[in-house]
Amino acid sequence: MTTEDAACAVAHGEVPTESGQRVLVAVFASPVAEHLLRYGRDLGYTAVLVDPAGADGALTEVPELGPDTDVVVTDHHREELGPVLRDALRHDARWIGIMGNPRHEGPHVQALRDLGVDEDRIKRVHRPIGLNIGSRTPPEIAIATLAGLIADRNDKPGGFEF
């Protein structure tokens, strides 16, 4: 079977894809988190919601995060932002990102500094998240974010560069 034939077989659902044990952690219950987790499950992620306020079905604390875990913080206005990110940064997560406008420093930076988190750890937090596709709605933001995570996992730039 040629590489092209194999790719077609996967696209047609004739061959199971190997995704490994990937975990997607969405932090803070929000419409974006809801879509991230739903679509993430479709992509083979184990989906986990963390919300210190105790949203339905959510963990209230950051669990153990391994090297196959991607963490997406879906609200940068929450007062628990600093502590939750600090706790996530203590683990060996593959990728940690937070939604927000890339044109100015996010509030997470000062929140983490105030908690004594060193600059190298703060730099692990990606912002913005996802591919730049002009997303405006929660489903679009979730799709752009997941596409960005897939590109990053596959060491690809995303977009239409091949």
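These are legends for a few close-up views of a predicted model.

**View 1. The largest pocket.** Rolling a probe the size of a water molecule over the atoms shows where empty space is left. Here, the largest pocket comes out at a volume of about 540 Å³. There are 17 residues lining this pocket, and the ones closest to its centre are Gly-100, Pro-102, Pro-128, Ile-129 and Ser-135. As for the make-up of the lining, eight residues are nonpolar, seven are polar and two are charged.

**View 2. Helix α2 against helix α6.** Two packed helices are described by the angle between their axes and the distance between the axes. For α2 (residues 31-42) and α6 (residues 138-153), that works out to an angle of about 50° with the axes 8 Å apart. An angle like that makes α2 oblique to α6. The crossing of α2 past α6 is right-handed. On the α2 side, the contact uses Pro-31, Val-32, His-35, Leu-36, Tyr-39 and Gly-40. Facing them from α6 are Pro-138, Pro-139, Ile-141, Ala-142, Ile-143, Thr-145 and Leu-146. Sort the residues of this contact by class and you get 10 nonpolar, three polar and no charged ones.

**View 3. Helix α3 meets helix α4.** Look at α3 (residues 81-89) and α4 (residues 107-114): their axes cross at roughly 75° and come within 9 Å. Angles from 65 to 115 degrees count as roughly perpendicular, so that is what we call α3 and α4. From α3, the residues in contact are Leu-81, Gly-82, Leu-85, Arg-86 and Leu-89. Their partners in α4 are Pro-107, His-108, Ala-111 and Leu-112. This contact of α3 with α4 splits into six nonpolar residues, two polar and one charged.

View 4. Most residues other than glycine have a negative phi, and most peptide bonds are trans. Phe-28 isn't a glycine, yet its phi is positive, at about 80°. You'll find Phe-28 in the loop between β1 (22-27) and α2. The other spot to check is the peptide bond from Arg-127 to Pro-128, which is cis, with omega near 10°.

Terms used
Residues are numbered from 1 along each chain as its sequence is written. This is a predicted model: local features need pLDDT of at least 70, side-chain atom pairs count only at pLDDT 80 or more; totals for chains, interfaces and linings use all residues. Side-chain values use heavy atoms; hydrogens and water are left out. On a 1 Å grid over the protein atoms alone, a cavity is a set of points where a 1.4 Å probe fits but cannot get out, and a pocket is an open set with protein on both sides within 12 Å along at least five of seven lines; lining residues have an atom within 4 Å of a point. Grid points are joined across faces, edges and corners, and a volume is the space filled by probe spheres set on the points. Ala, Val, Leu, Ile, Met, Phe, Trp, Tyr, Cys and Pro count as nonpolar, Asp, Glu, Lys and Arg as charged, and the others, Gly among them, as polar. Axes are lines fitted to C-alpha atoms, for helices over the stretch in contact, and angles run from 0 to 180 degrees between N-to-C directions. Helices (H or I, at least four residues) and strands (E, at least two) are DSSP runs, numbered from the N terminus. Angles under 35 degrees count as roughly parallel, over 145 as roughly antiparallel, 65 to 115 as roughly perpendicular and the rest as oblique. A crossing is left-handed if the near helix is turned anticlockwise from the far one by less than a right angle, and right-handed if clockwise. Contact means heavy atoms within 4.5 Å.
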